[in-house]
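Student: Before we look at the model, could you walk me through the terms as we go, setting each value against its definition?

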Amino acid sequence: MLEVALKRNRRIKKSLFIVFALFVLLTARIGFIQFVQGEELQTKAYVQQTMDRNINPKRGTIFDATGKVVLAMSATVETVTINPTNIAKENKEKVAREFANIFNLDYETTLKKVEKRSSIETIVKRVDKDKTNQLREWLEKNEITNGVNIDEDTKRYYPYNSLASHVIGFCGTDNQGLDGIELTYDSDLKGEKGKIAKIADGKGGGLLDEGEEYTPAIQGKDLVLSINMSAQAIVEKYLKEACIDNKCTDGGSILVMNPKTGDIIAMANYPDYNLNEPFEPNTDELKQVWETLSTGEKNTARQKTWRNKAIADSYEPGSVFKLLTASAAIEEGIATTDKEGAYNCGGGIEVGGVRIRCWRYYRPHGMQSLRQALMNSCNPVFIGLRPKDRKTKVL
Ligand SMILES: [Zn+2]
C-alpha cells in the first residue's frame, strides 16, 4: 500500500515538473516574440495589411520657344490591377474572359493571374479611358465590387513624331526620361508620386473605410525650349533633302543659333527617329535586316539612332571658316570679291617654315578671284590674305 502511494507521489511530481518546464519554455518564447522579434513582425504585418497603390504624377509638358506648340505631352490613361485573392472563386473565369475581351489579352495567361495566390497583379498598363469605362460598366452590371482596381496613370505622347527627336528624347515604360531633354530635365518634369494606403485584411480586401490614406501626386513642371518649331521643321526638311541628294551615307546635322543670345533655334540630325516608337528601326535599311539582328546588334543600332550628332560628335570646322576670313578681308578693305587673277594657287604656301598644301596640290588652282577661291575652297589664298605690310611667301 505504502509503496503504491510513493509511486503515485513520484509520478505526480514528475508530471508537475514537466508542466512547469513547459510553462517556462512557453513564457520564454512569448518573451522572445514580444521583445526580440516584435518590431520586425509588426512591420511585416503592416506591409501585409496595407496595400499601397501608387498614383503616378502627370509629367510636365515640353513646349517650343513660342510657348504654344506642344512637343511632348502626357495623356491621361488608366492602369488595371487586381487583388486575385479577393475575387470570388465563381467569378474568376468570367473576369478573366472579360479582361481578355476588352484589352485583347490571351485568356489563359490572364486566367493564371486571376487565379494566383498573391495580393496584387497587373492586368494592363496605360490603356485609354474608353476601354476602362467599358470594364467599369461590366463590373457594375455583374455586381463585382471587390478585387479589381482601376487607377489613373499617364502616357507620354509626342504629337510631331520625329520632329526634333534628338533634342527632345523619350521616356521609358515607367515614364522616366531616357534620352535628350526628357533625361536631362527628368527631375523637373517627372513630379512626385502620390499614394493610396489602405488597411487590408489577410486576403487583400479593404477593411471598411478606416485607415485609408490618400496622398495626391505632385504634377511635373513644364518646360519651354529655345527651339522654334517652324524653324526646326524647315531645317529638317532641307537637311533631309541635302542628305539624300548628296548621298551622305553618314547623315548630317544642322544647328541654328541666335548669335546675340546663343539660343539654339533649331538643332537637327538626319536620319531622325519616331519618338513614339524609339525602339523600332528608323531607316528602310535597318527595317529590312531588323529581324536577323541579335539583341546586341539591335542595341548598338538604337544607340546610333538616338545619338545627337550635332552635339555629341566632334567635327573640325575647317573650310567653313573661309567665309569668316573672306568677310574680314573684305571689311578691312584688303580684298575685293571679283578682281580676276588677284590670287594665285601654286599648290601650297609656306607659313613659319612649314609648307601647307592646297587640297588640290596635284593640280593647283592657278589664278583666281576671291569669289573663285571661295568656290574652290583654295587653302593658299585664304592663308595668304593679310594686311599689305605683312608678307607670306606663296609657293
Ligand atoms: Zn588651291
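Tutor: Let us begin with an interface: domain 1 and domain 2 bury about 1500 Å² between them, with 62% of that area on carbon and sulfur atoms. This is a predicted model, in which local features need pLDDT of at least 70 and side-chain atom pairs count only at pLDDT 80 or more, while totals for chains, interfaces and linings use all residues. Residues are numbered from 1 along each chain as its sequence is written, and side-chain values use heavy atoms, with hydrogens and water left out.

Student: What makes the 1500 Å² between domain 1 and domain 2 a buried area?

Tutor: Buried area is the accessible area, taken with a 1.4 Å probe, that two parts lose on being put together, summed over both, so the value of about 1500 Å² covers both domain 1 and domain 2. In domain 1, the residues that lose the most area to domain 2 are Leu163, His166 and Phe170, which together make up 43% of what that side buries.

Student: Where do the domains lie in the chain, and how many residues of domain 1 and domain 2 are in contact?

Tutor: Domain 1 spans 53–224, domain 2 spans 229–312 and domain 3 spans 318–384, bounds that come from an automatic or database domain assignment. Taken over C-alpha atoms, the centres of domain 1 and domain 2 are 32 Å apart. Contact means heavy atoms within 4.5 Å, and by that criterion 18 residues of domain 1 touch 18 residues of domain 2.

Student: How many salt bridges and how many residue pairs in polar contact are counted between domain 1 and domain 2?

Tutor: A salt bridge requires a side-chain nitrogen of Lys or Arg within 4 Å of a carboxyl oxygen of Asp or Glu, and between domain 1 and domain 2 the count is 0. A polar contact is a pair of N or O atoms within 3.5 Å, where within protein one must be able to donate a hydrogen and the other to accept it, and residues adjacent in sequence count only if both atoms are side-chain atoms; here the count is 9 residue pairs, both residues at pLDDT 80 or more.

Student: Why is the pair Lys125 and Asp174 called a salt bridge?

Tutor: The side chains of Lys125 and Asp174 meet at 3.5 Å, N to O, and the limit is 4 Å, so the pair qualifies. The pair links distant parts of the chain, 49 residues apart, with Lys125 in strand S4 (residues 121–127) and Asp174 in the loop between H6 and helix H7 (180–184); helices (H or I, at least four residues) and strands (E, at least two) are DSSP runs numbered from the N terminus. The structure holds 11 salt bridges.

Student: How do you know that the side chains of Asn282 and Thr305 are in polar contact?

Tutor: The distance between the side chains of Asn282 and Thr305 is 3.4 Å, and the cut-off is 3.5 Å, so the pair counts as a polar contact. The side chain of Asn282 also reaches the backbone oxygen of Asp272 at 2.9 Å. Asn282 sits in the loop between strand S10 (264–270) and helix H10 (284–289), and Pro271 lies in that loop as well.

Student: What kind of peptide bond joins Tyr270 and Pro271?

Tutor: Tyr270 and Pro271 are joined by a cis peptide bond, with omega about 0 degrees. Most peptide bonds are trans.
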